[in-house]
Amino acid sequence: MTNTPSSVFTRLGIPPALSWGYLGLLVFMTGVGIEAGYLSPYLEGLGIPAADVAMIFTVYGVTGAVAAWFAGALSDLWGPRRVMWLGLVAFAVTHVFFLTVAIPSKAYPLLLLGYGLRGLAFPLFAYAFLVWIAAVAPQRQMGSAMGWFWSAFSAGLPTLGSLTASLLIPHIGELGTLWAALGVVVVGGLLPLLLIRERTGSARLAPAGESPMAGLVGSLTILYREPRVGAGAAVRMLNTASQFGFLVMLPAWFVREIGLSDAQWLRLLALMFATNIVTNLLFGVIGDKIGWRTTVAWFGGVGCTASTLVLYYVPSAAGAQYALCVLVAVLYGATLSGYVPLSALMTAIAPAHKGQAMAALNLGAGASTFVGPLIVGLFRGPLGVGGVVWIFAGCHAVSAVLTLALRTTTTPAADSAVRLPQPLPADVQGPVGASATKGL
């Protein structure tokens, strides 16, 4: 019998009703990621000191963290579709301001303001869609559905985005490429918003009768009401702190210290995260099979601890040996994917408040966008690139220990305002055993 499109998507682990959303996210994040590989050195080329550039990215990350939290909290209250619309409109408005006012002025305060405001935009769109997936995907395939999300996310930012930049910059320049990014983002944003017909995402996800203020407050208090959610948010923050720090620090290091050309660096960056297209899917499936916590701790935390150090020391020793540089970059990109099942794990920890749990996870994701650049800004001067790399390796090691420690975390005492945690479904740990419901 011939497979229908829906059955093919189901077998792949994609909720059929949201299939346009995955394509839209890919295109949207490609537009967002166009600047990732060159904006930092471009701003330095305008005469902005490196420390100020790092601070601009840090402020961008701070506003992104706030927006990431709001994406989950507001999706609970308004429905993910409305939040995605808000993110798309916010990106268009703030991106135009950044290009027409902040960059031409070359004034640090305006650059800080313009890029900081733009940090509010893409998390609202992307992470609201993540909440939509959490609300619709079957629990048995949650890891795979999340894996497809992160594959689309990282395929765009920075993989296809960097590749697109490398093709456009020689023809239309850096500023023209930033304008082109706006068009890509708009196309990607409209695809899911106009073509998805699934109704869950258009309605509030919070329990009936819960007030808006209680929902917003609950998306923060869940961090201590349910310590496992707080711990998961911390792991998520540590997950990509190195990635966002590297986007600030490594472009200049690979070009000026190692000796790669600008084009080689952009291709290396694209290859680094092109790996995620495959490995995000792989680790989503692996998490469903061997256990989400096990996958995050060992493949993500321990794997990234090693690959972060290798990413620095191999090029430092070998110089501009492009094949070796690509090899260690691909290894780093692959191990980052080990954290993919964390999204599925969070929905299982708080099944009655998936939106709040995802808001906490999104807060951690957003925090990583400023923690990484902040670490670079604070420590690159006194410690050098190598010292910062060791700090990031330590972050990944801590995330591994924290993830493993989740199995002994006690649940909070119940009171009249807090729902008792529900028993976790057996597939939280996949087929590896009965420890699934003993406390993560």
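**Figure 1. Confidence along the chain of the predicted model.** Within the chain of this predicted model, confidence is lowest in helix H1 (residues 5–12), where the mean pLDDT is 76, and highest in helix H5 (residues 80–105), where the mean is 97. Taken over the chain, the mean pLDDT is 85, with 89% of the residues reaching 70 or more. Residues 408–440 form a stretch over which pLDDT stays under 50, and for this stretch the model has 65 contacts beyond four places in sequence.

**Figure 2. Packing of helix H4 against helix H7.** Helix H4 (residues 50–78) packs on H7 at an angle of about 35°, and the two axes are 8 Å apart; the crossing of this pair is right-handed. On the H4 side, the contact is made by Tyr60, Gly64, Ala67, Ala68, Phe70, Ala71, Gly72 and Ser75, which meet Phe122, Pro123, Leu124, Tyr127, Ala128 and Val131 of H7. By residue class, this contact of H4 with H7 comprises 11 nonpolar and three polar residues, with no charged residue.

**Figure 3. Packing of helix H7 against helix H15.** Helix H7 (residues 121–136) also packs with helix H15 (residues 354–405), here at an angle of about 145° and with the axes 10 Å apart, and H7 and H15 cross in a right-handed sense. From H7 the contact draws on Tyr127, Leu130, Val131 and Ala134, while H15 contributes Lys354, Gly355, Met358, Asn362 and Ala365. The contact residues of this pair divide into six nonpolar, two polar and one charged. Tyr127 and Val131 of H7 take part in this contact with H15 and are also listed in the contact with H4.

**Figure 4. The largest cavity and the residues that line it.** Four cavities of 30 Å³ or more are found in a search of the whole structure, and the largest cavity holds about 240 Å³ of space. Its lining consists of 19 residues, among which Trp150, Arg236, Asn239, Thr240 and Gln243 lie nearest the centre of the cavity. Two or more lining residues come from each of helix H8 (142–195), helix H10 (227–258), helix H11 (262–290) and helix H14 (342–349), with H10 giving the largest share, five residues. In composition, the lining of the largest cavity has 10 nonpolar residues, eight polar residues and one charged residue.

**Figure 5. The largest pocket and its lining.** The largest pocket has a volume of about 340 Å³, and 16 residues line this pocket, those closest to its centre being Tyr38, Pro41, Glu174, Asp262 and Leu266. At least two residues of the pocket lining are supplied by each of helix H3 (39–45), H8, H10 and H11; H8, H10 and H11 are likewise among the helices that give two or more residues to the lining of the largest cavity. The residues that line the largest pocket divide into 11 nonpolar, two polar and three charged.

How values were computed
Residues are numbered from 1 along each chain as its sequence is written. This is a predicted model: local features need pLDDT of at least 70, side-chain atom pairs count only at pLDDT 80 or more; totals for chains, interfaces and linings use all residues. Side-chain values use heavy atoms; hydrogens and water are left out. Axes are lines fitted to C-alpha atoms, for helices over the stretch in contact, and angles run from 0 to 180 degrees between N-to-C directions. Helices (H or I, at least four residues) and strands (E, at least two) are DSSP runs, numbered from the N terminus. A crossing is left-handed if the near helix is turned anticlockwise from the far one by less than a right angle, and right-handed if clockwise. Contact means heavy atoms within 4.5 Å. Ala, Val, Leu, Ile, Met, Phe, Trp, Tyr, Cys and Pro count as nonpolar, Asp, Glu, Lys and Arg as charged, and the others, Gly among them, as polar. pLDDT is the predictor's confidence in each residue, from 0 to 100. On a 1 Å grid over the protein atoms alone, a cavity is a set of points where a 1.4 Å probe fits but cannot get out, and a pocket is an open set with protein on both sides within 12 Å along at least five of seven lines; lining residues have an atom within 4 Å of a point. Grid points are joined across faces, edges and corners, and a volume is the space filled by probe spheres set on the points.
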